[in-house]
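Please keep the structure in view while reading.

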Amino acid sequence: MKVEVSGTKKITTSGKKTVGDHARGEVTIYNKTLNTKVFKKDTVLTSGKLKFTLDDETQVASASEGVGSLTYGTNKANVTASDIGTVSNLSPGTEFSFTDLPTSSYSARNEKALTGGTSRDIAVVSRDDQKKAREEAILELTKQAEGEVAGKLASREKLLENSSASKVLKETFDREIGEEGDEVTVDMTISVSAYAYDGSDLYALIENIVADNVPDNYEYKKENTKIKVEDSGSVEGETRVFNTRFTVELWPKVEVTDLAKKIAGKSFSDSTKYIKSIGGVAGLEYDVQAPLKILKEKLPLNPGNIKVDIAAL
């Protein structure tokens, strides 16, 4: 049997991501050499462990020599922090150096503070979130489908345990991996197929097996038979082969009326000895209801006042 079911599953996201803005500002570049220097766009400047890049290509004139002095060539340039966060909001007068260039030749300094750097943590959809939502949706929809299949069975038919197989026909997530959101929802349609068997046929087969193995003086209680399908087995052509384990109850044959006559008026100990001698009796209990204590020490003399119930342990 096969059915298609659709549904949604929403879960809370577990992914975390830091987002924010990069600090920006203006620096003055100092050329301490006697040659003009062109700094390409994205040239890296550093201040401690912080990195910044030039927003545009910048040319800085050479230094000029005077009597006993050297005037550095200068030019202003805009820079952007490589990382987001407030840590790159540097105060005025911060010194910068250029990667792979000596500070004796080139350096930079900001006259105004670098500003605009921010950061915050947000919830995002992780790969595991989508995987979890998918798995839980399949599980829930499979159970729903099995219920629908069971509802279509005839009274004598039973669903074969562990025989259902699901196939995802369509799935859509409302948020992609890495997208901001506290929740992620998957919309899914699956196809579920399952096998059913005729219970009356199976019980008849068990009855035939048990009938040839019931010891003398015992009887098979068909209504108490328990069947458990241990695995869904294998498929051979259009036939499904599966393994089952069944438990049956065999009760000793006891003529209740005759037993009541034989134990009437006996003490509990004598009655117990006699009943256990019948065979197949694992234990027994007495429930005596009598107004006088002396009447509670023995079974009633009248067999009609003795009720015998037989039950499995």
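## The three-stranded sheet

Two strands are said to pair if DSSP finds at least two bridges between them. The model discussed here is a predicted one. In it, three strands form an open sheet in the order β1-β15-β14, with antiparallel pairing. Strands β1 and β14 (165-173) stand at the edges and have a single partner strand each, so one side of each is left without a neighbour in the sheet. From one strand to the next, the twist averages 25 degrees.

Strands β14 and β15 run antiparallel and are joined by eight bridges. Within this pairing, S166 has V192 in β15 as its bridge partner. Helix α1 lies across β1, β14 and β15, and runs at about 145 degrees to β1.

## Strand β2 and its partners

Strand β2 takes part in several antiparallel pairings. With β9 it pairs over nine bridges, and the bridge partner of H22 in β9 is I84. With β12, strand β2 pairs over seven bridges; here V19 stands opposite R120. With β11, strand β2 pairs over four bridges, and I29 stands opposite A108 in that strand.

In soluble globular proteins, nonpolar side chains tend to be buried together. The largest nonpolar core of this model has 17 residues, and those with the most contacts inside it are I29 and F96. The elements that give two or more residues to this core are β2 (15-31), β5 (50-54), β9 (73-84), β10 (95-98) and β11 (106-109). Apart from it lies another core, of 16 residues, among them V125, L141, M188 and I190.

Which residues does I29 touch, not counting residues up to four places away in sequence? Among them are F39, L54, V60, A77, F98 and A108. The residues that I29 touches also include T58, T74, N75 and S107.

The model contains seven salt bridges. In one of them, the side chains of E136 and K9 meet at 3.6 Å, N to O. E136 lies in helix α1 (residues 127-151) and K9 in strand β1 (residues 2-12), so the pair ties together parts that are 127 residues apart in sequence.

With a relative accessibility of 36%, E183 counts as partly exposed.

A further salt bridge joins K76 and E111, whose closest N and O atoms are 3.3 Å apart. K76 lies in strand β9 and E111 in the loop between β11 and β12 (118-124), so this pair ties together parts that are 35 residues apart in sequence. K76 is partly exposed, with a relative accessible area of 39%, while E111 is exposed at 55%. Finally, salt bridges that share partners join K9, E136 and E140 into one network.

Conventions: Residues numbered from 1 in each chain as written. Predicted model: local features only at pLDDT ≥ 70, side-chain atom pairs only at ≥ 80, totals over all residues. Heavy atoms only, no water. Core = buried A, V, L, I, M, F, W, Y, C linked by side-chain atoms within 4.5 Å. Buried < 20%, exposed > 50% of the residue type's maximum accessible area, 1.4 Å probe, protein only. Contact = heavy atoms within 4.5 Å. Salt bridge = Lys/Arg side-chain N within 4 Å of Asp/Glu carboxyl O. Axes fitted to C-alpha atoms, helices over the stretch in contact; angles between N-to-C directions.
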